[in-house]
Amino acid sequence: MSWEALGSIAEMLGAIAVLITLFYIAKQVSETKSALERQSIYDINFAFNQIHIQAAGSPELALGLSKMEEGQALTPQERVQIRSYVIAQFNAFETTWMHMASQNHQVEEVAEMILWFLGNPGVSDMWEELKGATSLQFQEFVSSARDGI
């Protein structure tokens, strides 16, 4: 066998090794992307759960939420608590919306959750007051969801 033939075989083996490496890297990137997707969903669920645990664990906040749902006037302290709660909810909604949009998922489910939350007159009023705490793109998303009712 000549040196040229050995060189050609070595080049072919090198090319095969490069292809195998590229396939391996592609698989690893895909697995990493999937893991990040799962972690992101976990983080979003965790955020919503923390918000709800806060309401469940605070009689004062629960009372304020109940009063708001019934259209009763809130004390200044209750208003501060409810504002913080509503901002946290909308931040979690915005994070969910950004995640879904970045993954090219349908965002209608997020819109439905937001519309359900805004169905409370007190929340709807607070949204108008607090929407500046969210991005303009999210505000536009919420407006278009509301217009689509």
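Tutor: Residues are numbered from 1 along each chain as its sequence is written. The model is predicted, so local features need pLDDT of at least 70 and side-chain atom pairs count only at pLDDT 80 or more, totals for chains, interfaces and linings use all residues, and side-chain values use heavy atoms, with hydrogens and water left out.

Student: Why are helix 2 and helix 3 called roughly perpendicular?

Tutor: The axes of helix 2 (residues 59-69) and helix 3 (residues 76-102) cross at roughly 85 degrees and come within 9 Å. Angles of 65 to 115 degrees count as roughly perpendicular, under 35 as roughly parallel, over 145 as roughly antiparallel and the rest as oblique, and therefore this pair is roughly perpendicular.

Student: What makes helix 3 roughly antiparallel to helix 4?

Tutor: Their axes come within 10 Å and cross at roughly 165 degrees, helix 4 being residues 108-118, and that angle makes the pair roughly antiparallel. The contact (heavy atoms within 4.5 Å) includes Phe90 and Trp97 of helix 3 and Met113 and Phe117 of helix 4. Its residues divide into eleven nonpolar, two polar and no charged.

Student: How do you know whether glutamate 78 is buried or exposed?

Tutor: Glutamate 78, which is found in helix 3, has a relative accessible area of 8%. Buried means under 20%, exposed over 50% and partly exposed in between, with a 1.4 Å probe and protein chains only, so glutamate 78 is buried. The side chain of glutamate 78 also reaches the backbone nitrogen of threonine 75 at 2.8 Å.

Technical notes: Axes fitted to C-alpha atoms, helices over the stretch in contact; angles between N-to-C directions. Helix = DSSP H or I, 4+ residues; strand = E, 2+ residues; numbered from the N terminus. Nonpolar A, V, L, I, M, F, W, Y, C, P; charged D, E, K, R; others polar. Polar contact = N/O pair within 3.5 Å; in protein donor to acceptor, adjacent residues only side chain to side chain.
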